[in-house]
Amino acid sequence: RTWALPMFASCGSPRPKQAARPPTPLAQSMPIELEAPFWGFMGAAFALVFSNMGAAYGTGKSGIGISTLGVGQPELIMKSIVPVVMAGGVGVYGLIIPVIIANGV
């Protein structure tokens, strides 16, 4: 007794020819998600908000440190301005990146 599996029943026969389809434009072949721009702009907004919140927090914490240092060693105040400048740099970076993100959306 031989076993004939249905999936192998047509192994010897040629495949029927299929009609050639015209190429579809790229815009029709790719699904478009309508919420994609929303999430892109939300990412830009989150980058702006959280980077500037971090810069403000860093500026505040380093300002507290500078004022504490100024009481004990006033000659070191100008050397301790660097963290404030670095926190301001993070804030400026946080203003530039959302613009780049928004242009890409």
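The dialogue below reads a predicted model, feature by feature.

Q: What kind of model is this, and how are residues numbered?
A: It is a predicted model, where local features need pLDDT of at least 70, side-chain atom pairs count only at pLDDT 80 or more, and totals for chains, interfaces and linings use all residues. Residues are numbered from 1 along each chain as its sequence is written, and side-chain values use heavy atoms, with hydrogens and water left out.

Q: How many helices and strands does the protein chain have?
A: Start with the definition. Helices (H or I, at least four residues) and strands (E, at least two) are DSSP runs, numbered from the N terminus. Here the protein chain has 3 helices and 0 strands. From the N terminus the order is α-α-α.

Q: What span is expected of helix H2, and what does it reach?
A: The expected span of a helix is 1.5 Å times one less than its number of residues. Helix H2 covers residues 36-72, which is 37 residues. From first C-alpha to last it reaches 54 Å, close to the expected 54 Å.

Q: What about the 23 residues of H3?
A: H3 should span 33 Å at 1.5 Å a residue. Its end C-alpha atoms are 33 Å apart, so the two values agree.

Q: Which residues of H2 are buried?
A: First the cut-offs: buried means under 20% relative accessible area, exposed means over 50%, and partly exposed lies in between (1.4 Å probe, protein chains only). In H2 the buried residues are Gly-40, Ala-44, Ser-51, Ala-55, Ser-62 and Ile-66. An α-helix has 3.6 residues a turn, so residues three or four places apart point the same way.

Q: What covers the buried residues of H2?
A: The cover includes helix H3 (82-104).

Q: What does Ser-51 touch beyond its sequence neighbours?
A: Contact means heavy atoms within 4.5 Å. Ser-51 sits in helix H2 and is buried, at 16% relative accessible area. Not counting residues up to four places away in sequence, Ser-51 touches Phe-46, Val-90 and Gly-94.

Q: Is Ser-62 buried or exposed, and what is in contact with it?
A: Ser-62, also in helix H2, is buried, with a relative accessible area of 12%. Leaving aside neighbours within four places in sequence, Ser-62 is in contact with Pro-83 and Val-84.

Q: Which residues make the nonpolar surface patch?
A: Like charges are joined within 9 Å, and nonpolar side chains (Val, Leu, Ile, Met, Phe, Trp, Tyr) within 5 Å. Here Phe-46, Leu-48, Val-49, Phe-50, Met-53, Val-92, Leu-95, Ile-96 and Ile-100 make a patch of about 850 Å². H2 and H3 each supply at least two residues. H2 gives the most, with 5. One patch member, Met-53, lies in helix H2 and is partly exposed at 49%.

Q: How many aromatic pairs does a search of the whole structure find?
A: Rings of Phe, Tyr and Trp (its six-membered ring) pair if their centres lie within 6.5 Å; planes under 30 degrees apart count as stacked, over 60 as edge-to-face and the rest as tilted. The search finds 2 aromatic pairs. Phe-38 is partly exposed at 45%, while Trp-39 counts as exposed at 54%.

Q: Where is Lys-79?
A: Lys-79 is in the loop between H2 and H3, and is exposed at 65% relative accessibility. Lys-79 and Ile-66 are 13 residues apart in sequence and 9.4 Å apart in space, C-alpha to C-alpha.

Key: Patch = residues over 30% accessible without salt bridge, like charges linked within 9 Å, V, L, I, M, F, W, Y side chains within 5 Å. Areas by Shrake-Rupley, 256 points an atom, 1.4 Å probe, with all protein chains shown as cover. Salt bridge = Lys/Arg side-chain N within 4 Å of Asp/Glu carboxyl O.
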